[in-house]
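Please keep the sequence and the structure in view while reading.

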Amino acid sequence: MLQKTFHIITFGCQMNVHDSQWLGGALRARGFAEAPLEDAQVVVVNTCSVREKPEQKVMSALGRIRQVTGGDPRVLVGVAGCVAQQLGTTFFEKEPQVRLVAGSDGIGAAPAAIERLLDAPALRLSLLDFTESYVEREPGAPGPTQPVAYVNIMQGCDNFCTYCIVPYTRGRQKSRSSAAILDECRAALENGAREITLLGQNVNAFGRDSRGDGVSFARLLALVAALPGLERLRYVTPHPKDMGPEDVEAFAALPQLCPRLHLPLQAGSDVVLKRMHRRYDRAAYLDLAARLRAARPDLALSTDLIVGFPGETEADFAATLEMVRACGFMSSFSFCYSDRPGARAALLPDKIPVAVARDRLLRLQALQDELGARWLQSRVGATTTLLLEGPSPREGDAAAPSWQGRDPYGAPVHVPLPVGADYCGKMARVVIVAAKKHSLVARLQGDVW
Ligand code: SAH
Ligand code: SF4
Ligand code: F3S
């Protein structure tokens, strides 16, 4: 064990990944260094409870920590995130090494709590309160240049989709102040970012809570898009019901806004959508997709889907397949419904047997593979721009090593580039020459800048 070292293990969504990165930066600013698990003095598990056996995943991570550290009581173990929010101090009884439990809002105070706990070996601390408003967090030590930056614009969710645990683990929606968001975006751009993704559980409801400062989501997009140095803007995750005309119009008005939208559909049957409390139907979703594509004809849609929601019939599932085809999603994340204790759908009758749900998932994923392959194939021959993220070691050769980047649709693209330069964070003009199973291959055809 090395003094003043930390190790973070992260489960869950982009917001958790972002929280972990922030925590790492804040600990570095306090003089800690990142270390492998076996050397770390502080170990934090940042947890997710959205699906399947989250508690078991955390317990097995804690078991591994105990094994690797030999249960050394000088190693401070913390549990943060959504499972921590739900199970709270029960972690103190489950695992003696755990001395810090920090929920969704509590994680902001974790760096100070960690220092306090290291000075007081008998102490245990829990940070489980939800805050009234979005609390700004202490700045971290600037990390290495990241071409793609993620910026939180809100915390929590008020939608209470009946299957979902997030409103319980992340609390009520709290918009961050637009000034703080813009400051963070500016700092990221000064640190070399060229693409910004705005993050939240329901981003396009930004500003529509009591913490809103009068700036709407569409206005925020325009303000961020206008920041000098920004090449690309994305956001995740919007809710179809909150996608107003001005949000659609942004795809026509803002060239920085990438022609890619992740727009969770969840199910294709109106009956199921109603039971999920999604507050749109298939017609409304299709109409929205058509308006989005009218605003930006090359827009690529991706989505999230759940199969096996309680009561889902074969006809309901067929309606999902039909919607997936009609929308032509370039990609999707799909899941078998999983009961979340506390969420309303857990109380619904007619649970779908696991084997039936699995079979539907496989059929859905086979369709998505077909659509994904078709979408990738349709890109062959196109000229486009990449934001290069790093070398792609399994591609290219010694004379022209291959680099991986993303096109404006977010698809991974490999491109061989002349040896000897660091292309990380550079943009390149390329032509797509081939489609692979999950990525594209390109040839340089113009500038790198
Ligand atoms: N706020 C985002 C993301 C929520 S969680 C949104 O509204 O889309 C990410 C995805 O997990 C969801 O879109 C949903 O598809 C899936 N999910 C959430 N709860 C689930 C559950 N109980 N069972 C299966 N999938 C679930
Ligand atoms: Fe969950 Fe629905 Fe909120 Fe997304 S919008 S986080 S699925 S409750
Ligand atoms: Fe998981 Fe919490 Fe994110 S439940 S998906 S880590 S908001």
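## A partly exposed cysteine and its partners

Cys48 has a relative accessible area of 24% and is therefore partly exposed; on this scale buried means under 20% relative accessible area, exposed over 50%, and partly exposed in between, with a 1.4 Å probe and protein chains only. The residue lies in the loop between strand E3 (42-47) and helix H2 (54-69). Helices (H or I, at least four residues) and strands (E, at least two) are DSSP runs, numbered from the N terminus. Leaving aside residues up to four places away in sequence, Cys48 touches Phe11, Gly12, Asn16, Pro54, Cys82 and Val83, where contact means heavy atoms within 4.5 Å.

The UniProt annotation "binding site", from an unreviewed entry, covers Cys48 together with Cys13 and Cys82. They span 70 residues in sequence, yet no two of their C-alpha atoms are more than 10.5 Å apart, so they gather at one spot. UniProt positions are given in the numbering used here, feature names are shortened, and annotations may be inferred rather than shown by experiment. Cys13 is found in the loop between strand E1 (5-10) and helix H1 (14-29), and its 35% relative accessibility makes it partly exposed.

## Basis of the model

The model is predicted: local features need pLDDT of at least 70, side-chain atom pairs count only at pLDDT 80 or more, and totals for chains, interfaces and linings use all residues. Residues are numbered from 1 along each chain as its sequence is written, chains are lettered from A and ligands numbered from 1 in the order in which they are written, and side-chain values use heavy atoms, with hydrogens and water left out.

## The N-terminal domain and the sheet

UniProt lists residues 4-119 as "domain: MTTase N-terminal" in an unreviewed entry. This span is 46% helix and 22% strand, and its end C-alpha atoms lie 12 Å apart.

An open sheet is formed by six strands in the order E2-E1-E3-E4-E5-E6, with parallel pairing. Strand E2 (33-34) and strand E6 (125-127) stand at the edges with a single partner strand each, so one side of each is left without a neighbour in the sheet. Two strands pair if DSSP finds at least two bridges between them. Strand E5 (residues 98-102) pairs with E6 in the parallel sense over three bridges; Ala102 has Leu127 as its bridge partner in E6.

His18 is found in helix H1 and counts as buried at 13% relative accessibility. Not counting residues up to four places away in sequence, His18 touches Tyr150, Val151, Asn152, Glu184 and Leu199.

## The surroundings of ligand 2

Ligand 2 is surrounded by Cys157, Asn159, Phe160, Cys161, Tyr163, Cys164, Val166, Pro167, Gln201, His239 and Arg278; a residue is near a molecule if one of its heavy atoms lies within 4 Å of it. This shell divides into seven nonpolar, three polar and one charged residue. Ala, Val, Leu, Ile, Met, Phe, Trp, Tyr, Cys and Pro count as nonpolar, Asp, Glu, Lys and Arg as charged, and the others, Gly among them, as polar.

Cys157 is buried at 8% relative accessibility, and Cys164 is buried at 15%. Zero disulfides are found in the whole structure, a disulfide being a pair of cysteine sulfur atoms within 2.5 Å.

## Backbone features

The peptide bond from Val236 to Thr237 is cis, with omega near 5 degrees. Thr237 is placed in the loop between strand E11 (232-236) and helix H9 (245-253).
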